[in-house]
Amino acid sequence: MKKLDDFRLILGNRELVPIIVGGMGVDISTVDMALEAARLGGIGHISDAMAPTITDRRYKTHFVKQKQSKYKYNVDNNNKSDVQFDLGNIAEANKIHVTKTMERKQGEGLIFINCMEKLTMNNPKETLQVRLKSAMDAGIDGITLSAGLHLGSFALIQDHPRFRDVQLGIIVSSVRALQLFLRKTARLNRLPDFVVVEGPLAGGHLGFGMDWAEYDLKTIVSEVQQFMVKQELNIPVVPAGGIFTGSDAVEYMENGAAAVQLATRFTVTDECGLPARVKQEYFKANEEDIEVNQISPTGYPMRMLKNCPAIGAGVRPNCEAFGYILDSSGNCAYINAYNAEVEKHPDAKKVSVKEKTCLCYQMRKFNCWTCGHYTYRLKDTSRQLTDGQYQLLSTEDVFKDYQFSVDHKILIPELRSEIIS
Ligand SMILES: Cc1cc2nc3c(=O)[nH]c(=O)nc-3n(C[C@H](O)[C@H](O)[C@H](O)COP(=O)(O)O)c2cc1C
């Protein structure tokens, strides 16, 4: 019986354990998690989502305060088009984030950065360009383009000295999205180094409509593979979304996948950025506690725990400080939903906004409990303690379980010594 460790991912001149820990913004897939994946010979992801905010928190910079004081005058204005990010500051924040990560890297694996196109930051093209280039400047091993079609992203970095040496990949949810991307980038003579095919059971934003349940990962992966054969392309294909055991992964590898991308099982590890009490919510969740909803102002459906505080919250938008979701005209669907609610209840001290959520605020506060479909199976991956809490895992526990397990078995780690004593 094969295990995932019987396979290797060949990327450039490297041979890697075919495990990619997917990017989870905002700071859910932390530097520590990515470093562990790389140390163990796979690929880990950090995310550049809200990098100025994350850098302030982790490295005591003041990017948010600076932006907030610059645009203080606009706070009561519903029109946020004035509120621009300073491109130099984005570059600086990203550079600190990536450099501090790469300095600590050990082992044979790689560290990539997840870069979501939907983080439009009131200036989609230029902010994306700065994000991509600054990550490359700071020595990132690879970039995974996500949450968007990224039709212009390669062109934005084509003059960067590392354009042809950094590992560049894209996440798609259909063969059509891949075709579009390849068609658009054909003139650059630069193919992606890997393609993540993300199905409807993934966490975070979904590349499907509310009819997501009608799709399945196996079919999409096989369509992408057939397309590659037809086009005589030899790009590693990496399935993602709902791969819960090492044996699930092996099935894909036996059918020609180059690696798998995983996330949900890593949300209950020590290294995951979610607060401890939130990790317990993930452990405790049952199938009926999880929904795919449309409250993300990005317009993409998102899967989350129904009891998360982000749902129905009515915080006042603070785009002067944050504003990561503002589109090219300074709009965000949450602002509209919030204003409509305030208009309906002019005397209320607090409003509840059901239609959309303020992703900037809620992700920063770890109130938006986005999760994969199989979150309800996490309780089967650890042990419940006498007080009802579940024992956290380590990234190494989960990584190695995927790497070595057979027959869909999940190795439950021993009771931790600090709990015994
Ligand atoms: C908590 C959480 C947050 C996520 N955030 C992002 C993100 O910021 N960007 C992204 O491209 N994918 C994101 N994803 C998707 C993962 O990177 C990954 O591709 C997918 O969840 C893999 O499926 P699995 O969770 O069933 O293993 C997220 C997933 C989870 C569980």
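What follows is a chat about helix packing and the ligand shell in this predicted model.

Colleague: Why are H1 and H13 called oblique to each other?

Modeller: The axes of H1 (residues 31-39) and H13 (residues 395-404) cross at roughly 40°. Angles under 35 degrees would count as roughly parallel, and roughly perpendicular runs from 65 to 115. The pair is therefore oblique. Their axes come within 10 Å, and the crossing of H1 past H13 is right-handed.

Colleague: Which residues of H1 and H13 meet?

Modeller: From H1 you have Met33, Glu36 and Ala37, and from H13 Thr395, Glu396 and Phe399. By class that gives three nonpolar, one polar and two charged residues.

Colleague: And what makes H2 and H4 oblique?

Modeller: H2 (residues 51-59) packs on H4 (residues 87-102) at about 55°. Roughly parallel needs an angle under 35 degrees and roughly perpendicular one of 65 to 115, so H2 and H4 are oblique to each other too. The axes are 9 Å apart, and H2 passes H4 in a left-handed crossing.

Colleague: Which residues make the contact between H2 and H4?

Modeller: Ala51, Pro52, Ile54, Thr55 and Tyr59 of H2 face Asn89, Ile90, Ala93, Asn94, Ile96, His97 and Lys100 of H4. Sorted by class, the contact has seven nonpolar, four polar and one charged residues.

Colleague: What classes of residue make up the shell around the ligand?

Modeller: There are 14 nonpolar, 15 polar and one charged. Glycine counts as polar here, and Gly22, Gly203, Gly204 and Gly372 are, with Ser146, the nearest of the 30 residues around the ligand. Strands E5 (110-116) and E10 (260-262) each supply at least two residues of that shell.

Definitions and conventions
Residues numbered from 1 in each chain as written. Predicted model: local features only at pLDDT ≥ 70, side-chain atom pairs only at ≥ 80, totals over all residues. Axes fitted to C-alpha atoms, helices over the stretch in contact; angles between N-to-C directions. Helix = DSSP H or I, 4+ residues; strand = E, 2+ residues; numbered from the N terminus. Parallel < 35°, antiparallel > 145°, perpendicular 65-115°, else oblique. Left-handed = near helix turned anticlockwise from the far one by under 90°. Contact = placed C-beta atoms within 7 Å. Near = placed C-beta within 6 Å.
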